[in-house]
Amino acid sequence: MALQKTLSLANSFGESSEFDCYIRVVEVRCAKLSGVAKIDVLKNGTEQVLETRETLFEIDPDPSSANVWVQAYTHLKTLPQYEGAIDC
């Protein structure tokens, strides 16, 4: 499971470039009702990590709900920077 989207990323000099990115959750840490997802943003078609990010998300504790990995991806798609990202 991952997302794909073209993102504008800044380098260490503050210059932005657009990249076709593959966004994958590589780690999920959970508490009772919240979680933290560690995300790697990779250059699509390579294993080159362009950026690593973390995001907080709420967990639905209902046993019939999706697992926390699916919930993390669902949350990512609600964030403005990943709006329009497609599942891949």
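This is a predicted model: local features need pLDDT of at least 70, side-chain atom pairs count only at pLDDT 80 or more; totals for chains, interfaces and linings use all residues.
The sulfur of Cys-21 lies 11 Å from the closest cysteine sulfur, that of Cys-88, which is too far for a bond. Zero disulfides are found across the whole structure, a disulfide being a pair of cysteine sulfur atoms within 2.5 Å.

Residues are numbered from 1 along each chain as its sequence is written, and side-chain values use heavy atoms, with hydrogens and water left out.

Helices (H or I, at least four residues) and strands (E, at least two) are DSSP runs numbered from the N terminus. Strand β3 (residues 34–43) pairs with strand β4 (residues 49–58) in the antiparallel sense, over nine bridges; pairing requires that DSSP find at least two bridges between the strands. Within this pair, Val-36 stands opposite Leu-56 of β4. The hairpin of β3 and β4 has five residues between the strands, and Gly-45 in this hairpin adopts a positive phi near 85 degrees.

The largest nonpolar core contains 19 residues, of which Leu-7, Ile-23, Val-25, Ile-39, Val-41, Leu-76 and Tyr-82 touch the most other members. Two or more residues are given to this core by each of β1 (3–10), β2, β3 and α1 (68–76). The greatest contribution is that of β2, with four residues. Such a core is a set of buried Ala, Val, Leu, Ile, Met, Phe, Trp, Tyr and Cys residues joined through side-chain atoms within 4.5 Å. When residues up to four places away in sequence are not counted, the contacts of Ile-23 include Leu-7, Ile-39, Val-41, Tyr-73, Leu-76 and Tyr-82, contact meaning heavy atoms within 4.5 Å. Among the other residues that Ile-23 touches are Lys-5 and Asp-40.

Glu-18 belongs to strand β2 (residues 16–30) and is exposed, with a relative accessible area of 62%. The C-alpha atoms of Glu-18 and Leu-7 are separated by 5.5 Å, although the two residues are eleven apart along the chain. Residues up to four places away in sequence not being counted, Glu-18 touches Thr-6, Leu-7 and Ser-8.

Asp-62 lies in the loop between β4 and α1 and is partly exposed at 38% relative accessibility. A polar atom of the Asp-62 side chain is 2.9 Å from the backbone nitrogen of Ser-64. Gln-71, by contrast, lies in helix α1 and is buried, with a relative accessible area of 12%. A polar atom of the Gln-71 side chain is 2.8 Å from the backbone nitrogen of Asp-60. Neighbours within four places in sequence aside, Gln-71 is in contact with Phe-57, Glu-58, Ile-59, Asp-60, Ser-65 and Ala-66.

Five salt bridges are found in the whole structure, a salt bridge being a side-chain nitrogen of Lys or Arg within 4 Å of a carboxyl oxygen of Asp or Glu. One of these joins the side chains of Arg-24 and Glu-47 (3.2 Å, N to O). Arg-24 is in strand β2 and Glu-47 in the loop between β3 and β4, so this pair ties together parts 23 residues apart in sequence. Arg-24 is partly exposed at 22% relative accessible area, and Glu-47 is exposed at 60%. The side chains of Lys-77 and Asp-87 form another salt bridge (3.1 Å, N to O). Lys-77 lies in the loop between α1 and β5 (86–87) and Asp-87 in strand β5; the pair therefore ties together parts ten residues apart in sequence. A salt bridge also joins the side chains of Glu-51 and Arg-53 (2.2 Å, N to O), and Glu-27, Arg-29 and Glu-54 are linked in a network of salt bridges.

Definitions and conventions: Buried means under 20% relative accessible area, exposed over 50%, partly exposed in between (1.4 Å probe, protein chains only). A polar contact is a pair of N or O atoms within 3.5 Å; within protein, one must be able to donate a hydrogen and the other to accept it, and residues adjacent in sequence count only if both atoms are side-chain atoms.
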